[in-house]
Number of protein chains: 2
Amino acid sequence: MGKKVTIRDIARLAGVSVTTVSQILNGKGERFSQKTRDKIFKLRDEYGYVPDFNARSLILRQSSSMIGVLVPNISSPFFGTFVEGVQHVAQHERMIPLIFSADRNAELEQNYLSQMLERSIDGLIIASATMTTDTINRIIGARDVPYILFDQNYAQEGTRVLTDDYRGGELAAQHLADLGHKKIAILEPNELSENFTQRLTGFQDCLRKNHIELDVAHNVIKAPLSRRGGYDAAAAVIKAGVTAAFAGNDDMAIGLMRGLRERGVKVPDQISIMGYDDIYLDEYVSPQLTTIRQPIMDLGIGAAKMLLNKIHSDQEQEQIQRFPVELVQRQSTARVR
Amino acid sequence: MGKKVTIRDIARLAGVSVTTVSQILNGKGERFSQKTRDKIFKLRDEYGYVPDFNARSLILRQSSSMIGVLVPNISSPFFGTFVEGVQHVAQHERMIPLIFSADRNAELEQNYLSQMLERSIDGLIIASATMTTDTINRIIGARDVPYILFDQNYAQEGTRVLTDDYRGGELAAQHLADLGHKKIAILEPNELSENFTQRLTGFQDCLRKNHIELDVAHNVIKAPLSRRGGYDAAAAVIKAGVTAAFAGNDDMAIGLMRGLRERGVKVPDQISIMGYDDIYLDEYVSPQLTTIRQPIMDLGIGAAKMLLNKIHSDQEQEQIQRFPVELVQRQSTARVR
């Protein structure tokens, strides 16, 4: 005998949502066409479908077949690509992703989270720069809503996808050391979430291993985590008198390159620039940006798959999926002169 | 006497959604905290709120306080910014935008549309490259769901926000004519939706007015509407032997510039490049891209406001809101040598 047929199979065969099937089979299908209702009953009989505990719990929990995705900025290349990955998986499972871009606004993030919960979402992917797991758990309260944390969190705990930020930072520092740079600046965001702390610690530890001294007082420059932030920091980088700069992410690096260009500083001839992320823009700016690659689309796919697993299996255990990082050498870094 | 208090006012004062207020006032508020319920009843009494026809119809229609937004590609700078505009308005009205990116896949678009309708969305913003209004109306069927069309549609009809694409095309052509260019290529998408048809007609009409002949057989180059499409078309543009090229949008133009750079062609010294849209990347590529500006964020805000008006007023009349276009001259175009 084959595998037991589930409500999800029936939904897939009929080309409708699980909610539709469950409503029709529970006698609440008045709002669907006769044709759809007939099809569902026919498939039920044909495959001998019997509602099981999971299906019933799905109905009892009033599954909305929606998952919430909270990101800092949907129009950024990084999160745009991440969300695309989530969408691919959701679409395949006939789930709808509710996407929220809260622009690092704590109140708005919590607001969105409450609104999603009001709508009985099945699960959440949270890339929040402001919310702690305590806050998240408080808002979720007694509801049994699984969630996955991603990227910009202050806590590295709970089920999550991640890349090795410490290793990424090391790779970046080693690359600049290999090119002979000794005077190096770091461009970092004003507030360090856990992934940035890791990234920058890896970078600094590796500099130390290479006996390169970092002038923390002058050469660690704080700036908003954006193209504009990098652009506005160009003067400070020039003033630092360095031969290379490592920007916290590619957006900052691309902004910094523009700022340097407008001030007549040649990249990489005068200053080498190193980014982090490998967003799709890196190959379209000139010079093309050397960076540490995170597999952004795969991270979105991985986070969504992990969440769906959690939703379907009611698994309680913490799970962690790690993705690799690697150096992508392009044109914005060169041997020191 | 002041303005009549609506359910929306009560919701705003209480900091909860309209759905929450309506459920509590209709005795279906068990799932909300006692504190929230008390607050709502107190506000009702304090402001003498009486349910009116609109509020009741809102309840009868089972408003989900969600609006659907269908775009070709959420990770593109253009639609990312557009969606941000929609989000600003939705957030202010405590509506949730359901964002779908269907990658110009007709089946997927129709699929998403059906799924949104199943979830009782209150309205729709559709920037679809594949769906005709006939298709949309067929899927919406008897449901009373208002929608706004935007950008990439084959039909220019129905309530919509738009920019003057014909005028934008004229501005682009006049700029290149003013710089003395006579040999000009056009890079256009494989299939022309209405906005591109307008844009390119305006461009060609204006060339004609300036007595510039366009070699349609060789100098109108078809390519996918993407950075990659523009990049891959670089060889064809070089082969055409032109001094200037007008790309259908900025993504294509930025890809084309990369392709030309890799082939050793200098922009604008050897070929001037002109884009269309004014996406945020234009200032970060080098040379900075000359383009025709569409107010992208404002288009998102305008579309969302128009849709909310339609939802709240049950207005049947077709409405059109026009936004201006303008030439933004940067560094990728120069006088012909």
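1. Contact here means heavy atoms within 4.5 Å. The model under review is predicted. In it, 98% of the interface residues of chain B are also interface residues in chain A, so the two copies meet through the same surface.

2. How are the two copies placed relative to each other?

3. Chain A contains 14 helices and 12 strands. Along the principal axes, the C-alpha atoms of chain A fill a box of roughly 75 × 35 × 35 Å. Of its 337 residues, 59% count as buried, where buried means under 20% relative accessible area. Among the contacts in chain A with a separation of 6 or more, 73% come from residues 24 or more positions apart.

4. The next point concerns strands 1 and 2 of chain B. Strand 1 (residues 66-71) of chain B pairs with strand 2 (residues 96-101) of chain B in the parallel sense, over six bridges. Within this pairing, G68(B) has L98(B) in strand 2 of chain B as its bridge partner. Together with helix 5 (residues 77-92) of chain B, strand 1 and strand 2 of chain B make a right-handed β-α-β unit.

5. Is strand 2 of chain B mostly covered or mostly uncovered? Strand 2 of chain B is mostly covered, with six of its six residues buried. The covering applies to both faces: I96(B), L98(B) and F100(B) are buried on one side, and P97(B), I99(B) and S101(B) are buried on the other.

6. The corresponding element of chain A can be read alongside. Helix 5 (residues 77-92) of chain A has 16 residues and reaches 23 Å from its first C-alpha to its last, close to the 22 Å expected at 1.5 Å a residue. With 13 of the 16 residues buried, helix 5 of chain A is therefore largely enclosed by the rest of the structure. Just after helix 5 of chain A, R94(A) adopts a positive phi of about 55 degrees.

7. How many aromatic pairs does the structure hold over all chains? There are 12 such pairs. In one of them, the rings of F78(B) and F150(B) have their centres 6.3 Å apart and their planes at 5 degrees, so the pair is stacked. This pair links distant parts of the chain, as F78(B) is in helix 5 of chain B and F150(B) is in strand 4 (residues 147-150) of chain B, 72 residues apart. Both F78(B) and F150(B) are buried.

8. F150(B) also takes part in a pair with F82(B). The ring centres of F82(B) and F150(B) are 4.1 Å apart and their planes are at 5 degrees, so this pair too is stacked. F82(B) lies in helix 5 of chain B and F150(B) in strand 4 of chain B, so the pair ties together parts that are 68 residues apart in sequence. F82(B) and F150(B) are both buried. In chain A, F78(A), F79(A), F82(A) and F150(A) form one aromatic cluster.

9. The last point concerns strand 8 (residues 244-247) of chain B. Both of its faces are covered: A244(B) and F246(B) are buried on one side, and A245(B) and A247(B) are buried on the other. Strand 6 (residues 184-188) of chain B runs parallel to strand 8 of chain B and is joined to it by four bridges, with L187(B) standing opposite A247(B). Strand 8 of chain B is also joined by three bridges to strand 9 (residues 272-274) of chain B, again in parallel, and there the bridge partner of A244(B) is S272(B). From strand 8 of chain B the chain crosses through helix 13 (residues 250-262) of chain B to strand 9 of chain B, and this β-α-β crossover is right-handed.

Conventions
Residues numbered from 1 in each chain as written. Chains lettered and ligands numbered in written order. Predicted model: local features only at pLDDT ≥ 70, side-chain atom pairs only at ≥ 80, totals over all residues. Heavy atoms only, no water. Buried < 20%, exposed > 50% of the residue type's maximum accessible area, 1.4 Å probe, protein only. Helix = DSSP H or I, 4+ residues; strand = E, 2+ residues; numbered from the N terminus. Pairing = 2+ DSSP bridges. Right-handed = clockwise from strand over helix to strand, strands pointing away. Phe/Tyr/Trp six-rings, centres within 6.5 Å; stacked < 30°, edge-to-face > 60°. Expected span 1.5 Å × (residues − 1).
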